[in-house]
Amino acid sequence: MTNTIEDIGEASCILAIGTNTTDTHPVIGTRVRRAVLNGAHLIVANPRRIPLVKHATYFLQHRPGTDIALLMGMARVIVDEDLHDREFIESRCENFEEFKKSLDAFSLDFVSEVTGVNAELIRRAAILYATHKPSSLLYAMGITQHTHGTDNVLATANLAMLTGNIGKRGTGVNPLRGQNNVQGACDMGALPNVFPGYQAVVDENLRKKFEDAWGVDNLPGEIGLTLPQMFEAINSGKIKAVYLVGENPAVSEPNLEHLKNVFQKLEFLVIQDIFPTESMPYAHVVLPAASFAEKDGTFTNTERRVQWFDPVVPAPGQAKPDWWVTCEIAKRMGASGFDFTSTKEILDEINKVTPSYGGITYGRLQMTTLQWPCPSTDHPGTPILHTQAFTRGKGHFEPLTYKGPQEMPDEEFPFVLTTARSLFHFHTGTMTRKVTGLNIIRGEEYVEIHPDDAAGLGLKDGDVVRVVSRRGAVEAKALITDRAPKGVVTMDFHFSESPVNVLTNPAHDPVSRIPEYKACAVRIEKR
Amino acid sequence: MGKVKLWIDGQEVEVPEGTTVLKAAEEAGIHIPTLCYHPLLRPSGNCRMCAVEIEGYRGLPASCSTPVAEGMVVRTNTDRVRDFRQETLRAILRDHPRECIACPKNQSCELQELIAYVGIEVPYEAPTEKRFEVKDGGPFFRRDYNLCVRCGRCVRICNEVRGVGAIVFKEVEGRQEVGTPLDRPLEEVGCQFCAACVDACPTGALTDKIPKWRAEAREREDSFCPEISDIVLSLYDRYRERESKSSICPYCGVGCRLVFEVQDGEIIRTVPDPSGPANKGLDCVKGRFGISEFVHSPDRLKTPLIRKNGSLEETSWDEALEAVAKQLSKYKPDEVAVISSAKCTNEENYVIQKFARAVLKTNSVDHCARL
Ligand code: SF4
Ligand code: SF4
Ligand code: SF4
Ligand code: FES
């Protein structure tokens with residue numbers, strides 16, 4: 001997030017696109033609702049009628065995968081109506097003219113046709129966003145989990161820059177991160193292209209810096225494989241061994257059937273986790289890990305806030321914190337630089353090699369929390385990004401062209417399947433499915449289907465149906481609701497009994513490599 | 001903002017304009033009893049427990065909703081105020097059951113505190129009206145409106161703070177009672193099961209259900225003597241030491257700070273921490289009710305396992321780590337990959353990527369940020 005969670009309360013207008021905030025980030029959902037109760041306007045753009053719609057001034061129910069068209073259409077309205085922030089654009093941004101030209105392709109008629117949203121509604125929403133400043137833009141996986149997710153993200157940034165909604169209180173482009181430490185995992189360089197603090201591995205000077213800091217030589221300089229690429233490489237026999245920590249890809253990866261075969265091809269698989277997971281049958285060694293409640297360290301939340309936490313209970317059996325296990329393996333492989341005896345010592349090293357975490361020290365974190373960038377111990381942290389300049393200097397307007405979902409419905413697979421999250425479960429359910437109460441409220445998978453479509457198929461509420469895509473089939477009960485429009489069906493992915501990712505399309509974004517979870521073509525068969 | 005000077009019980013107090021008399025008194029170290037007041041909520045002034053005398057004001061205004069004024073003279077402890085408080089409290093208690101010893105809130109109940117502070121004797125004659133049935137709050141909490149004192153804190157927090165409005169005041173047999181529209185189950189009225197209402201309730205009307213893993217003890221007591229099992233269990237519970245510890249919710253990216261109540265190495269309950277910078281006293285059903293059961297799940301991995309003759313068998317750390325180190329040493333950098341976790345700490349992710357790069361010499365390290 002460029003801004004803070006609390007900051008949402010300062011906005012006069014909130015545009016929530018591709019995020020079912022009340023279910024996925026309930027506390028942020030609460031802030032949005034409260035902002036509305038205090039007089040802010042809310043625009044919800046979502047293929048589904050999510051709970052926040054109740055509080056919205058405008059609800060734009062666009063078809064899955066048409067976000068670029070919608071956002072560019074709104075930008076076009078803002079420019080046509082002369083509501084863009086000329087001063088901000090001139091002093092802080094570049095490439096506006098090119099961008100403006102690319103808007104020509106997004107006439108309201110075209111946008112309305114592609115998105116299925118009434119043209120006048122789009123126009124009004126755009127005007128509201130541009131005129132009720134400060135405006136805050138929130139988005140989540142509904143924007144990123146597409147084959148053109150990167151362009152979607154650029155489209156949100158374009159819109160915010162166009163209206164000068166960056167770098168001030170109550171504004172910003174605010175992606176809401178799904179897992180509690182996704183932000184931190186990225187910050188710490190658990191990515192194939194960067195060291196901690198987004199320092200590129202291809203940069204020779206940076207490699208040298210890390211070689212010196214770590215006392216090693218020959219750090220690899222070519223970008224590594226992303227998760228989807230890893231699975232391709234396992235399949236082709238290139239990757240032979242995997243060290244897998246605290247993940248559960250057997251349910252969360254797209255195109256699950258394919259994956260099962262892939263795992264069997266590994267010569268050596270180490271799994272380090274807190275629970276036996278669906279991936280376990282393929283493991284050669286399994287290492288029991290301590291859960292968050294049994295260890296200390298820091299997490300970085302979606303607003304870049306680093307928080308220290310201490311253990312609350314002892315670990316069960318022989319379970320150990322992940323850092324300890326990895327250090328032990330490294331030491332047994334003869335490596336130096338892994339003699340850490342506490343998380344504090346690791347954080348000390350992070351402070352030294354990660355400029356944005358330079359001032360986020362153990363000592364300070366015992367008293368407070370800090371938002372990065374925080375380069376030195378006398379720096380107060382940075383609640384709002386880009387107040388004076390963008391990271392790269394000028395904000396770059398990105399001309400965009402329309403791209404829809406990679407797989408469109410056709411005669412054989414007439415429905416668009418989109419995936420969602422339930423308030424009562426989390427991710428692949430390894431944690432929440434262990435909780436009786438949460439299972440009572442929500443214990444199985446549903447396929448949400450529009451009443452008209454249900455009538456066409458002769459379905460009643462609760463009928464078991466088979467959902468079939470080009471890649472596989474799963475069964476689930478039909479839940480008849482008009483939350484999503486005709487032609488769109490919705491499933492969650494918390495339930496290994498109905499593994500939705502058997503169906504989803506592994507086609508992914510060329511830059512971010514995020515798979516297209518939010519739209520694929522399916523057919524529904526009555527059983 | 002300007003400052004305002006006033007006198008409370010003869011003490012001179014200076015506070016910012018717009019402060020309530022209640023807050024001003026608090027700042028001066030003068031206690032005024034309250035019931036419907038809650039720090040997260042706008043004052044509603046409906047219980048009148050916080051009444052005080054203010055020179056020049058008619059009647060006894062509610063201090064929680066009266067703003068200070070320059071030169072105001074406030075008295076919080078006159079006979080008239082004390083009589084009024086006692087009368088008010090008696091009225092509230094008139095239809096409150098006398099079953100404190102079995103109540104889950106016993107000894108942490110604000111009503112009991114009020115009785116002690118205000119100094120009244122509880123008329124030991126139980127109310128005779130017919131009782132409401134105890135309702136469920138989903139699988140997570142129970143709603144026993146017989147114990148309700150109609151302070152409205154639950155209704156207001158659900159509406160004002162959570163923005164949900166699942167519960168409302170409505171008229172039942174000529175009286176205001178808390179409930180859901182048309183008495184529908186909470187599941188059907190948009191309840192998020194955040195338990196903000198439970199945490200705001202001053203009495204035992206809204207309380208957590210006993211979680212599954214402790215229901216066993218309850219069963220044992222029940223088979224012994226059902227009449228007093230509630231009492232035995234609640235007393236037993238109170239004598240076990242309970243520690244409060246603080247940590248961060250492991251679920252979503254909001255990073256709510258939660259207070260963990262721990263007994264004998266077991267998380268009994270988690271409640272949101274009002275000082276958490278990201279959540280400011282809020283949480284959701286996953287943080288509130290979804291943690292202890294998975295942390296203490298019997299399914300947790302507890303020993304290292306190693307595959308021998310086709311099946312995973314228990315082994316020692318030493319053997320497991322040696323096996324991993326030996327095997328991983330065999331592969332060339334482009335034959336191995338490391339998958340880290342968005343559930344691990346920063347320190348762990350740091351160590352894991354360092355391991356991939358410095359030891360395995362590969363940049364093929366990634367995590368599931370994409371999902
Ligand atoms: S649990 Fe939360 S949403 Fe449900 S009634 Fe209580 S405060 Fe409202
Ligand atoms: S249920 Fe509790 S919080 Fe709600 S009105 Fe009754 S006593 Fe007050
Ligand atoms: S309590 Fe709920 S909103 Fe807060 S971090 Fe946990 S899952 Fe997210
Ligand atoms: S506490 Fe002031 S009226 Fe209830």
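## Strand E1 of chain B

In this predicted model, strand E1 of chain B, spanning residues 3-8, has side chains that alternate between two faces.

E1(B) is joined by six bridges to strand E2 (residues 11-16) of chain B, and the two run antiparallel. Together E1(B) and E2(B) make up a hairpin, with two residues between the strands. B:Asp9 lies in the turn of this hairpin and has a positive phi of about 50 degrees.

E1(B) also pairs with strand E4 (residues 73-75) of chain B; here two bridges join the strands, which run parallel. B:Trp7 has a bridge partner in each of these strands: B:Glu12 in E2(B) and B:Val73 in E4(B).

## Helix H3 of chain B

Helix H3 of chain B covers residues 110-118, and its buried residues are B:Leu111, B:Leu114, B:Ile115 and B:Val118. Viewed down the axis of H3(B), these buried residues fall within an arc of 100 degrees, and they therefore line one face of the helix. B:Glu113 and B:Ala116, on the other side of H3(B), are exposed.

The buried residues of H3(B) pack against helix H2 (79-93) of chain B. Just after H3(B) comes B:Gly119, which takes a positive phi of about 75 degrees.

Technical notes:
Residues are numbered from 1 along each chain as its sequence is written. Chains are lettered from A and ligands numbered from 1 in the order in which they are written. This is a predicted model: local features need pLDDT of at least 70, side-chain atom pairs count only at pLDDT 80 or more; totals for chains, interfaces and linings use all residues. Side-chain values use heavy atoms; hydrogens and water are left out. Buried means under 20% relative accessible area, exposed over 50%, partly exposed in between (1.4 Å probe, protein chains only). Helices (H or I, at least four residues) and strands (E, at least two) are DSSP runs, numbered from the N terminus. The arc is that of the directions from the helix axis to the C-beta atoms. Contact means heavy atoms within 4.5 Å. Two strands pair if DSSP finds at least two bridges between them.
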